[in-house]
Amino acid sequence: MDLFRKAILHPGPPQDFALQTVQQAIKPQKQVKLVQDENQLLENILRTLLQELVSAAVQSGEEIMQYGQPIDDGDICRGQIPRLLDIVLYLCEKEHIEGGMIFQLLEDLNEMSTMRNCKDVFGYIESKQDILGKPELFARGKLVMLRTCNQLLRRLSKANDVVFCGRIIMFLAHFFPLSERSAVNIKGVFNTSNETKYEKEAPDGSSIDFNFYKTIWSLQEFFSNPGSLTPALTKWQKFSSSLTVVLNTFEAQPLSDEEGSAINLEDEGSNFSIKYLTSSNLMGLELKDPSFRRHVLVQCLILFDYLKAPGKNDKDMPSDTLEEIKTCEERAKKLLEMMPPKGKEFLHSIEHILERERNWVWWKRDGCPPFEKQPIEKKLAQETGRKRRPRWRMGNKELSQLWKWADQNPNALTDPERVGTPAIMDYWKPLAEDMDESAGIEEEYHHKNNRVYCWKGLRFSARQDLEGFSRFTEHGIEGVVPLEILPAEVRSKKYQAKQADRSKRAKKDDTRGSLQQVEESQSATPPANEIDMDGSRNENEGSGAGGESDGMMALSVDVSQGDTTATPDEHQKQSSDGDGDGDGLEAGQIEAEVGMNNTIVDGEMDAEVDLDVVA
């Protein structure tokens, strides 16, 4: 302890001698960091030293934070107790000792100090807020600091020490993160200890409406605890009737612009009031005060906002009650908007505040998720050499990860619950339901509009249903659907029409083929001068049936007994006769062809019958 007494009086910054003092006093096993037992020993020494310094300061009559000979630490001159705190804070910051030790000393110092000295101690805490809020120290001492501040708030008077209380609350708001649950009223508990006392009986000679006086001040009982309105229906009816009377009075007695301009909203004193007086003699003046009316109406809006917020079963209210709440809320907002001065601006500000409050309520009901996001650390690229790319076993990260999983779980590929290829009936079932007109599914929601679905279905059909896959070219994607799962109406309507069209198309194809065969046979017929004998035979065949055999015999006799020494004129005559017969045959063939073409086009009889008729 004597070593620390000397260290307190040592001039210069604490980093010059603080660690050496600890090593000399404790003689730790490690040179720069104490173990648990050594931390406990050092904490007992420092707390005892602090208690002695405070006792000496009280006996001397000096203030605690200015006790002792001023010591120059390089920036300002401090007393012995701030000097001791600076040394301990440096050791905690550098993690030479346990981080919560400084918070324990500050708590002991506040407990040993009077309220006057506590202001100086808290001023020291505010000056070291940035260091105390570092992560390595905050995690160790946040609960101790919270306990210290709460103890100070309990000791302070809310009426006389308003500024000091505000300093403590502002420090807690800055010291703790925004999402700290310890600083949030998770359960939404109301301050029911704030009771408003007012007169229960009318005084003698009172000139005001005492019933209205009791009605308007009785609303404070419900404003201080809105949760009491939900379980009991009788309380809500009482509150509703009282609020209706107050709103009717405010609407019947509107404030003039002169009465509203009597209060300057820019004045700080006009916006600050802890509590209004409840004397019945002041009721007339308070009704003429726009600030008083606004306080009552804003309390109504806060209560309605609480009752409308969903999320808890005990706050579920009947629909007629919610309608009544909505009506009263609209009346209150209309009164605020019409109330001078600057009614619209005031109402806009209140609505904005209530909207932010609703966001806070939802945040608490979601479990207070953290708002803060840790900054992304930018990795500095190495100046020497390029960064080597990672080399994956299977070529890329995804395949390597899959390979790794297969090694860790060899039964993954043989698991029967793995996703496999679906059956063709099951896959096309959604599209079959879309084709059913009785289902009433709109065209834009059909599965045939999904390209991925159709592509996968075609792949499955090509493997499992070749017959259905072959219908794709003729009927489209809907033709691939198996007929077994199609509704009977769709099957008959869709495929009977297709069969009729297909038969007509086949008949037209047959007709075109017959015409092509006739044209080919006509082009293949030899010239007339090469088939004289054929022409003569055809001419004889064109004669009557009775003389057919006689003609043939006569022709054969003429040929066999003909003059072998015929003159050239005779040969010319015979050839001319043959030519004439050939011309007649060609004309007959042309007529037969025309008749056959007409028969094929009209579709009345077969081509062979037409040929017989023409012959």
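**Exercise 1: a buried aspartate**

Asp 305 has a relative accessibility of 11%, so it counts as buried, the cut-off being under 20%. Keep in mind that this is a predicted model.

Task: Find the helix that holds Asp 305, and say which side chain makes a polar contact with the side chain of Asp 305.

Solution: 
- Step one: Asp 305 belongs to helix H14, which covers residues 290-308.
- Step two: leaving out residues up to four places away in sequence, Asp 305 touches Leu 354 and Arg 358.
- Step three: the polar contact of the Asp 305 side chain is with the side chain of Arg 358, at 2.3 Å.

**Exercise 2: the span and cover of a helix**

Task: Work out what helix H3 (residues 36-60) should span, and compare that with the distance between its end C-alpha atoms. Then ask what covers its buried residues.

Solution: 
- Step three: the buried residues of H3 include Leu 42, Ile 45, Leu 46, Leu 49, Leu 50 and Leu 53.
- Step four: helices H1, H2, H4 and H5 are among what covers the buried residues of H3.
- Step five: after H3 comes Gly 61, with a positive phi near 80°.

**Exercise 3: the whole protein**

Task: How many helices and strands does the protein have, and what share of its residues is buried?

Solution: The protein has 26 helices and two strands. Of its 615 residues, 32% are buried.

Conventions. Residues numbered from 1 in each chain as written. Predicted model: local features only at pLDDT ≥ 70, side-chain atom pairs only at ≥ 80, totals over all residues. Heavy atoms only, no water. Helix = DSSP H or I, 4+ residues; strand = E, 2+ residues; numbered from the N terminus. Buried < 20%, exposed > 50% of the residue type's maximum accessible area, 1.4 Å probe, protein only. Polar contact = N/O pair within 3.5 Å; in protein donor to acceptor, adjacent residues only side chain to side chain. Contact = heavy atoms within 4.5 Å. Expected span 1.5 Å × (residues − 1).
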